[in-house]
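Subject: Structure for you to look at

Hi,

Here is the structure I promised to pass on. Please open it and keep it beside this email while you read.

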Amino acid sequence: RHLSSIFFSSVEATVRFASYLTGAGIDISAHTYKAECPPAALTKIPLISTYKMVDFLVGKMDEALERL
């Protein structure tokens, strides 16, 4: 449950989302290179994450999605 992915309809949106989060210091990767798979942003939350850390991450993801 610590690995998650968000699928996007375009490579551009995926890259913008991941770039915003990377700029905020969050380790996330954009997987946009597989021809038969939708573009996705992948996160792997550390096992030692606290509720506060997860809330921060979700808040930053929400901000990134609003900017798309």
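Two strands pair if DSSP finds at least two bridges between them. Keep that in mind for the strands below. Note too that this is a predicted model.

Start with the strands. Strand S1 covers residues 3-7, and strand S3 covers residues 40-44. The two run antiparallel, joined by 5 bridges. Look for Ile6: its bridge partner in S3 is Ala41. S3 also pairs with strand S2, residues 28-31. That pairing is antiparallel too, over 4 bridges. Here Ile28 has Thr43 of S3 as its bridge partner.

Next, the helices. How do the axes of H1 and H2 cross? They cross at roughly 135° and come within 9 Å. Angles of 65 to 115 degrees count as roughly perpendicular and those over 145 as roughly antiparallel. H1 and H2 are therefore oblique to each other. The crossing of H1 past H2 is right-handed. On the H1 side, Arg16, Phe17, Tyr20 and Leu21 make the contacts. They meet Lys60, Met61, Glu63, Ala64, Leu65 and Arg67 in H2.

In soluble globular proteins, nonpolar side chains tend to be buried together. In this model, the largest nonpolar core has 12 residues, among them Phe8, Phe17, Leu21, Ile28, Ala41 and Met61. Helix H1 (11-23) and helix H2 (51-67) are the elements that each give two or more residues to this core. H1 gives the most, with 4 residues. Leu57 is another member of the core. Leaving aside neighbours within four places in sequence, Leu57 is in contact with Ile26 and Ile45.

Best wishes

Definitions and conventions:
Residues are numbered from 1 along each chain as its sequence is written. This is a predicted model: local features need pLDDT of at least 70, side-chain atom pairs count only at pLDDT 80 or more; totals for chains, interfaces and linings use all residues. Side-chain values use heavy atoms; hydrogens and water are left out. A nonpolar core is a set of buried Ala, Val, Leu, Ile, Met, Phe, Trp, Tyr and Cys residues joined through side-chain atoms within 4.5 Å. Buried means under 20% relative accessible area, exposed over 50%, partly exposed in between (1.4 Å probe, protein chains only). Contact means heavy atoms within 4.5 Å. Axes are lines fitted to C-alpha atoms, for helices over the stretch in contact, and angles run from 0 to 180 degrees between N-to-C directions. Angles under 35 degrees count as roughly parallel, over 145 as roughly antiparallel, 65 to 115 as roughly perpendicular and the rest as oblique. A crossing is left-handed if the near helix is turned anticlockwise from the far one by less than a right angle, and right-handed if clockwise.
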